Amino acid sequence: MSTSAIPVTLSIKIEGMSCASCVGRVERVLAAVPGVDKVSVNLATESARVESARPLDVAALVQAVDKAGYQATPELPLSAAPAHHALAGPGGGRAVLLAALLSLPLLLPMLLELAGVHWMLDGRLQWLLATPVQFWLGARFYRAGWLALRARSGNMDLLVALGTSAAYGLSVYQLLASTSAMPHLYFEASAVVITLILLGKWLEARAKRQTTSAIRALQVLRPESARVRRGAQDIEVPIADVRQSELVVVRPGERVAADGEVVEGASHVDEALITGESLPVARHAGDHVTGGAINGEGLLLVRVTAVGAESTLARIIRLVEDAQAAKAPVQHLVDRVSAVFVPVVLVLAVATFAGWWLASGDAERAIINAVAVMVIACPCALGLATPAAIMAGTGVAARYGILIKDAEALELAHRITTVAFDKTGTLTEGKPSLAALEPVGIDEGRLLQLAAAIQRGSEHALARAVTEAAAARSATGAAPSATGVTALPGRGVAAIVDGARLVLGSTRLMQEKGVALDALSARAAELEQQGLTISWLAASNAPQPAQLLGLLAFGDRIKPQARAALQALKAMHIQTILLTGDNQGSADAVGKELGIGRIIANMLPADKAATVAGLKTGGACIAMVGDGINDAPALAAADVGIAMSSGTDVAMHAAGITLMRGDPALVAAAISISRRSYSKIRQNLFWAFIYNLVGIPLAAFGLLNPMVAGAAMALSSVSVISNALLLRRWKPDHLKGQA
């Protein structure tokens, strides 16, 4: 047996599962493999996720699943899984049609009876029609039921096999032992039950295919080839051959081949299926474009920045797959019920048989009522209730640019009572510009030169504003160079320029360095009241006292959607808080304009995380919305972290939900789809439990015949998935009314 090292998380495709009991058995056998730390099996996606801190024996995992009676294929993600189960195999359309054709003559006398016509098919002909349905088309139930028995477990297939075999066996006995010309036979019950369940499984498979439509829609965005400019020629190559930094030519109407930066040309790009943006967005030289987006009217020359698994589209697909394969916390209750479901049903079936036989002395009626109990019991609906809703919910959310990383985030988000927002880049555009310069002891040009020297090379929004302003004022002379540049997280930056140690940053940083700000404190307060962000520049050459050199004030526009977004949250009875590292005056100005009641400013990353953790008291559920590296601790500390994809990768990794465009209105939309999805989960679980709690006693008391029970069983799973699929109609409130 060969072994191979695997990553921390491994996806395994599992074939042959039929109900929640199968899920429990697969989880148990995988968890028993040495080295496995955590296992999650999903019935709706027919997949298992195995987590380990060390390499595992992949062959041992496959062997364990095979020994339990299922087929395992390692490292096959949901997006690459074959879809044959929807149309082929024992539950395929042809098998259903064949079973229906063989069963219809058996059912016909009962239908004619309703019309007053008394006619009965010869018993031997009934036997001839029912036998292939029972043992050929229904062979899947025997195989799976036997494997379950071998594993000392039970599943839906075992119930069906036992129930229909009892009805079929009783009919054969009656046919052979009876002396009457037309004995009472139940071939139609066994054949019709198998036909209805095959039909139900086929419809269920088709419905499950629809729950994964979001991933398939994203997959079709992947171009198969790209037109690459190599030398003086534009040649078409397979997308796998495109390399980073190559130039790709995108003609009007074509899909952008890979993530990149426009180096030449201008056009409008439709990114609707990637970001949820309803209108095409303008793209010019220097702008970023996403692979899979549709180019509009212009010819673009794009320098590739990410390919393969690192592309935005690949990461989106991976996130959606991860969310759809995950198990929600509420599912653990269902798992506990499912573990004992089939044994309990078998005990109830035996009790039903014994009770009816002892009470009436009619063994025939006792068998039929016991068959009805086994046939109507449906662990499938229980197993599908939660994952079907999660798959549909995360799928439709992705369509509108809301990526939900895991099922836990989807489930938790419906309970959010308070949303804490970062300011810069979240509620504001994140593109500040230099609004004012106030030097002390030096002129404005020198102040800007020194600040630009420190900030050159930084990707921070304020740093870009400084360097752009310095470039625009190039007449001030050549900018000096900085050495020993050191970032001071949440406070600013330090560097050595022209032999002097300088610090540039917040009021907190100046206080730490002992810089006297009296000379500009009144002016700073005035600028802060206007909503501007203040950065101070000072010389800090110990042992000499620190010396203030001036301040820089930056303006940043509030996003046009921010006010409506906060009003939407207020309408949902959700409180809002502003947490920012910016000064109090600037924070107050933004908070007042947007109607945010509680504003906390001058915060370091650790302060934000501590504040968020402190808010999680008394049952409150806190969401944090941010986009920067300094927001990552707070995003991780919140019950639900919501990151803007326009921000940093660190923020997105720390968050449970990522918004594919920097629109704060998507925060309310994410909470809305979570509420709708959780509502569907509760509805599905209610109906799955009620169905069994009501149906099994009715069958035990002889109020349902096996055919009605079989129809109800087939319908239950389909109805659960169909209810979940109603989530596909969901649309964010701020987009309603748009075409």
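The model is predicted, with local features requiring pLDDT of at least 70 and side-chain atom pairs pLDDT 80 or more, while totals for chains, interfaces and linings use all residues. Residues are numbered from 1 along each chain as its sequence is written, and side-chain values use heavy atoms, without hydrogens and water.

An open sheet is formed by 4 strands in the order β2-β3-β1-β4, with antiparallel pairing. Strands are DSSP runs (E, at least two residues) numbered from the N terminus, and two of them pair if DSSP finds at least two bridges between them. The edges are β2 (38-42) and β4 (71-74), each of which pairs on one side only. From one strand to the next the twist averages 25°, with axes fitted as lines to C-alpha atoms and angles running from 0 to 180 degrees between N-to-C directions. Strands β1 (residues 9-15) and β3 (residues 47-51) are joined in the antiparallel sense by 5 bridges; Ser11 has Arg49 in β3 as its bridge partner.

Helix α24 (residues 665-700) contains Val694; helices are DSSP runs of H or I with at least four residues. Val694 is partly exposed, at 44% relative accessible area (between the limits for buried, under 20%, and exposed, over 50%, with a 1.4 Å probe and protein chains only).

The number of disulfides is 0, a disulfide being a pair of cysteine sulfur atoms within 2.5 Å. Cys22 is buried at 0% relative accessibility, and Cys621 is buried at 1% relative accessible area.
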